[in-house]
Amino acid sequence: MQYTLIIMSTINEIQDEIIDEFSGLTDWMDKYSYIIEMGNALPELDEKHKTPENIIEGCQSRVWINAVYEDGLLKFEADSDAIIVKGIISMLVRVFSEQKPTDILDSELYFIDEIGLREHLSPTRSNGLLAMVKQIKMYALAYKAKEEMQ
């Protein structure tokens, strides 16, 4: 019998991968193109999850995040009607999916500054980014509390 060991990447390892991917891109048009590519690669969010409960308040564009808790890990799926925002949420989904609620809550999100994204976002997009991260952390907090009650 053969067993496969799956090693999950940590939040920081995934952030470092993203930073590495952006390191070869010096022009911001190239970085935006890459962000759009990542958004286009994001799996389609089922229409049943595009509900008012899953929409992120504080975003100029419409952004939906759905969380699924399975085997002690949170898995996120998301979508947006704006191409840049869809790319941004795809990076957040990549960083935070398949992680323990405690690890999400304890994490420091540094890749956004490291790739220079924060300084290239409009104030409304910056507020939207904060709202997306806040919602992901709220899901983590809720599922952590649920774990502790069991």
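**Briefing: helices, rings and buried serines**

K50 lies over the face of W64, 5.2 Å from the ring centre. A charge counts as over a ring if NZ of Lys or CZ of Arg is within 6 Å of the ring centre and within 35 degrees of the ring normal. This is a predicted model: local features need pLDDT of at least 70, side-chain atom pairs count only at pLDDT 80 or more, and totals for chains, interfaces and linings use all residues. Residues are numbered from 1 along each chain as its sequence is written, and side-chain values use heavy atoms, with hydrogens and water left out.

**Helix α1**

- Helix α1 covers residues 11-23. Helices (H or I, at least four residues) and strands (E, at least two) are DSSP runs, numbered from the N terminus.
- The 13 residues of α1 should span 18 Å at 1.5 Å a residue, and its end C-alpha atoms are 18 Å apart, which agrees. The expected span is 1.5 Å times one less than the number of residues.
- I11, I14, Q15, I18, I19 and F22 are buried in α1. They sit on the same side of α1, because they cover an arc of only 140° around the axis. That arc is taken from the directions from the helix axis to the C-beta atoms.
- An α-helix has 3.6 residues a turn, so residues three or four places apart point the same way.
- D20 and S23 are exposed, on the other side of α1. Buried means under 20% relative accessible area, exposed over 50%, and partly exposed in between (1.4 Å probe, protein chains only).
- The buried residues of α1 pack against α2 (28-41), α3, α4 (101-106) and α5 (111-114). Contact means heavy atoms within 4.5 Å.

**Helix α6**

- The 27 residues of α6 should span 39 Å at 1.5 Å a residue; the end C-alpha atoms of α6 are 39 Å apart, which agrees.
- Buried residues of α6 include L129, M132, V133, I136 and Y143.
- The packing partners of the buried residues of α6 are β1, β2 (73-80), α3, α4 and α5.

**Aromatic pairs**

- There are four aromatic pairs. Rings of Phe, Tyr and Trp (its six-membered ring) pair if their centres lie within 6.5 Å; planes under 30 degrees apart count as stacked, over 60 as edge-to-face and the rest as tilted.
- Y69 and Y143 form a stacked pair, because their ring centres are 5.0 Å apart and their planes are at 10°.
- This pair links distant parts of the chain: Y69 is in strand β1 (residues 63-70) and Y143 in helix α6 (residues 123-149), 74 residues apart.
- Y69 is partly exposed, at 28% relative accessible area. Y143 counts as buried, at 18%.

**Two buried serines**

- S90 lies in helix α3 (residues 83-96). S90 is buried, with a relative accessible area of 8%.
- A polar atom of the S90 side chain lies 2.6 Å from the backbone oxygen of G87.
- Beyond its neighbours within four places in sequence, S90 is in contact with M38, G39 and L42.
- S97 is in the loop between α3 and α4. S97 counts as buried, at 13% relative accessibility.
- A polar atom of the S97 side chain lies 2.8 Å from the backbone nitrogen of F76.
- S97 is in contact with L74, K75 and F76, leaving aside its neighbours within four places in sequence.

**I36 in helix α2**

- I36 is in helix α2. I36 is partly exposed, with a relative accessible area of 23%.
- I36 touches I83 and I84, not counting residues up to four places away in sequence.
- I36 and A82 are 46 residues apart in sequence and 9.6 Å apart in space, C-alpha to C-alpha.

Conventions:
Polar contact = N/O pair within 3.5 Å; in protein donor to acceptor, adjacent residues only side chain to side chain.
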